[in-house]
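Here is a quick tour of one protein chain, from the overall build down to a handful of residues. Have the viewer open and click along.

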Amino acid sequence: MSIDDVVRRLRAAGCVFAEQEATLLVEAADDDAHLRRLVSARSAGRPLEHLLGWAEFDGLRIVVADGVFVPRQRTRLLVEVAAARAPRGGVAVDLCCGSGALLVALAARRPDLEGHAADLDPAAVACARQNLPPECVHAGDLFDALPARLRGRIDVVVANAPYVPTEAIAAMPAEARDHEHRIALDGGTDGLDLHRRVAAHAARWLGPGGLLVIEVAPAQLVAAASLLSTAGFDVETVTDDERDATAVLATLTRARNAR
């Protein structure tokens, strides 16, 4: 099967970047039969990253397993903010870590940080442990997954928590809807269920001046900022129109004083 044949099949299936994907699939294939299986799976809508077994994120190759959330390029905004604001030698946590891509990228930019990651999905935890030191990846629900010794010591939390409203999942692209675990997508009625829980418990885990950096959809920006402000955080927002990225930054000041 020639690369031109692969390009034609991918184009027919609606792949926008057919040429680039064809090159990657040809490189990944062990033989012609394997290539045909890869092309058939991709044409049927399976994510390219799941077929390759990796995703490119912030210039790094991240292992991505079947069912695990594929890191989006817009989420690099969280890494950039955290890398710029974390104190030297501080503690960083990636909540709802999925593959662990955010912490991998943050560690590459800031090797001085002590990093930890957590996720509730066993598949995500197993995947993240291929990308990070296994002892730094914790299985469990949000902050409850973390070692008790981190309580009150965390300097920055990055969280790409699920924020798709439940009713909107049916309208998502099939690649995500059908191939990424629902636990990585479903954010509840308004998409902010996890954000409320993070806001409610973060003050116990963050150190003085600790920072939350949380991704949201643009339409959720006001609501997310409001719930974090109500929880006692000083809030600001950051957007990157080029990447269609939006994040809420919440600093622990009033929250700690109010406890």
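What follows starts with the whole chain and then stops at a few individual sites.

## The whole chain

First things first: this is a predicted model. The protein has 11 helices and 9 strands. Its radius of gyration is 19 Å, close to the 18 Å that the globule rule gives for 259 residues, so the protein is as compact as a globular protein of that length. If you box up the C-alpha atoms along the principal axes, you get roughly 65 × 35 × 30 Å.

How much of the protein is buried? Of the 259 residues, 52% count as buried. The accessible surface comes to about 11700 Å², and carbon and sulfur atoms hold 52% of that surface. As for how the chain folds back on itself, take the contacts with a separation of 6 or more: 60% of them join residues 24 or more positions apart. On the charge side, there are 28 positive and 36 negative side chains, and the centres of the two sets lie 4 Å apart.

## Helix α5 and its cover

Helix α5 runs over residues 76-85, and its buried residues are L77, L78, V79, V81, A82 and A83. What covers them? The cover includes strands β1 (54-57), β6 (154-159), β7 (206-215), β8 and β9 (245-252), along with helix α6 (101-109).

A bit of helix geometry is handy when you look at that list. An α-helix has 3.6 residues a turn, so residues three or four places apart point the same way.

## D240 in strand β8

Strand β8 covers residues 233-240, and D240 sits in it. Is D240 buried or exposed? With 18% relative accessibility, under the 20% cut-off, D240 counts as buried.

The side chain of D240 reaches the backbone nitrogen of E242 at 3.1 Å. Beyond its neighbours within four places in sequence, D240 is in contact with L77 and A245. L77 is one of the buried residues of α5, and β8 is among the elements covering that buried set.

A224 belongs to helix α10, residues 221-230. At 1% relative accessibility, A224 counts as buried. Setting aside residues up to four places away in sequence, A224 touches L192, V216 and V248.

F143 is in the loop between β5 (137-139) and β6. W205 is 62 residues away from F143 in sequence, yet the two C-alpha atoms are 7.6 Å apart.

Now for a backbone detail. Most residues other than glycine have a negative phi, and most peptide bonds are trans. D58 has a phi near 55 degrees, which is positive in a residue other than glycine. D58 is placed in the loop between β1 and β2 (60-63), and at 16% relative accessibility D58 counts as buried.

C96 also has a phi near 55 degrees, again a positive value in a residue other than glycine. Look for C96 in the loop between β3 (91-95) and α6. Leaving aside neighbours within four places in sequence, C96 is in contact with A118, D119, L142, N160, A161 and P162. A118 is 22 residues from C96 along the chain, and the C-alpha atoms of the pair are separated by 5.9 Å.

## R9 in helix α1

Last stop: helix α1, residues 3-12, which holds R9. How accessible is R9? R9 is partly exposed, with a relative accessible area of 34%.

Leaving aside neighbours within four places in sequence, R9 is in contact with M1, V39, S40 and S43. R9 and S43 are 34 residues apart in sequence, while their C-alpha atoms are 7.1 Å apart in space.

Methods. Residues are numbered from 1 along each chain as its sequence is written. This is a predicted model: local features need pLDDT of at least 70, side-chain atom pairs count only at pLDDT 80 or more; totals for chains, interfaces and linings use all residues. Side-chain values use heavy atoms; hydrogens and water are left out. Helices (H or I, at least four residues) and strands (E, at least two) are DSSP runs, numbered from the N terminus. The radius of gyration is taken over C-alpha atoms; the globule rule is 2.2 Å times the number of residues to the power 0.38. Buried means under 20% relative accessible area, exposed over 50%, partly exposed in between (1.4 Å probe, protein chains only). Contact means heavy atoms within 4.5 Å. Accessible areas come from the Shrake-Rupley method with a 1.4 Å probe; for residues, only the protein chains shown count as cover. Lys and Arg count as positive and Asp and Glu as negative; His and the chain ends are not counted. The place of a charge is taken as NZ of Lys, CZ of Arg, CG of Asp or CD of Glu. A polar contact is a pair of N or O atoms within 3.5 Å; within protein, one must be able to donate a hydrogen and the other to accept it, and residues adjacent in sequence count only if both atoms are side-chain atoms.
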